[in-house]
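My notes follow the display.

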Amino acid sequence: MFPATAHEHVVMRRGLRTGLPVIVAVHSTALGQAIGGCRLAHYPDWRDGLTDALRLSAAMSDKCALAGLPNGGGKTVVALPPGHVPDAATRRSLLHDVGDVIAALDGTYATGPDVGTGPDDMTTIAERTPHVFCRPVSAGGSGDSSQHTAVGVLAALHALCAERFGSAELSQRSFAVLGLGRVGGHVLHLLAEAGATLVVSDVDEEKRALADRYGATWTSPQDCLTSDVDVLVPAALGGVLTPQSVPTLRCAAIAGPANNQLDAPGTADPLHERGIRWAPDIVVSAGGIIHATAVELHHETSAQAATRVRGIAGTLTDILRTARASAATPAAAARSQAEQRIQLGLPEAATAHQGW
Ligand code: PHE
């Protein structure tokens, strides 16, 4: 059977300036403007970038719905050929290429930072379109979203520990943080501050200094993934939870900001069978979009937005309890709650409890 088209609008345009493929996938605008970051990453083929954009944008729809935002999901992917590192001038041109594609979408989609891009890049994109979140505060935006995403991750870890171990206290627990990029680095800082026991890793050896600074044990990514800790915190690229990796895990629970942690939806089942509690990444990683939309669309202060970000704890607790009550996986419980909100299609229904 021919599968139904899930996405509303997908564009692939060869950048006018750079010739590089710029892909924007708008998954859904049922709840409002689609939002999702701009990823600059290497792919063996641009079609792999397209596949990634389709998956990531669909996840953004669920992420927004579960966060109670009046927004849908989208994503931008610029597929860089293997080994291609754009110099400063090419990068600027590339971001202008991205801005042109987004401008042509007439406000149905707005972008933000993601893997490979940051607030300064948003300023460059904004030279071509106003539909950009997270420019630096000095440039009129809400700034780097990564620390807010990390605050949301901490809220999720509190909720997960309360559910799984009967106490939200993090100082009694051990964590393996896999990936010390912008968000992972902040998460490490917050966990160290909370007095947690930490194992960390990154593909970049230079991040070892961070481990030393926070008194964390440095390991290889492989050993970090399978380390004997209470909670695994995936904070790098997606796809780390696979039918091959799940049997090797020694953690009791998983919650982290990496997008698309499961290689396929079905991988939630072996995790569940092993009794490993997985907090869906679409819930855990929503702090960045919650903060950015609260400040930039709803004109709240950063402190008010931070309170909303900490609301991730309540959302996750609700999903974990619903899952347990119905013997479903947390992934399935999250999916069905998101689906219900999107099907309703009414921003008011999603946001009534947010007081906007
Ligand atoms: N990387 C963010 C995410 O995937 C993207 C984003 C942040 C988009 C802030 C808009 C605003 O959630």
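I began with the second largest cavity and asked which helices each supply at least two residues of its lining. I found that helix 1 (46–66) and helix 9 (281–284) do so; helices here are DSSP runs of H or I with at least four residues, strands are runs of E with at least two, and both are numbered from the N terminus. Helix 1 provides the largest share, four residues.

I noted the method. The model is predicted, with local features needing pLDDT of at least 70 and side-chain atom pairs pLDDT 80 or more, while totals for chains, interfaces and linings use all residues. Residues are numbered from 1 along each chain as its sequence is written, and side-chain values use heavy atoms, without hydrogens and water.

I recorded the lining of this second largest cavity as Leu56, Ala59, Met60, Lys63, Asn259, Asn260, Asp281 and Ile282. A cavity is a set of points on a 1 Å grid over the protein atoms alone where a 1.4 Å probe fits but cannot get out, and lining residues have an atom within 4 Å of a point. I read its volume as about 40 Å³, that is, the space filled by probe spheres set on the points, which are joined across faces, edges and corners.

I then turned to the largest cavity, with a volume of about 50 Å³. Its lining draws at least two residues each from helix 8 (268–273), strand 12 (277–278) and helix 13 (330–344). I noted that helix 8 gives the most, three residues. Among the lining residues are His272, Arg277 and Trp278.

Note on methods:
1 Å grid on protein atoms, 1.4 Å probe; cavity = no way out; pocket = protein on both sides within 12 Å on 5 of 7 lines; lining within 4 Å.
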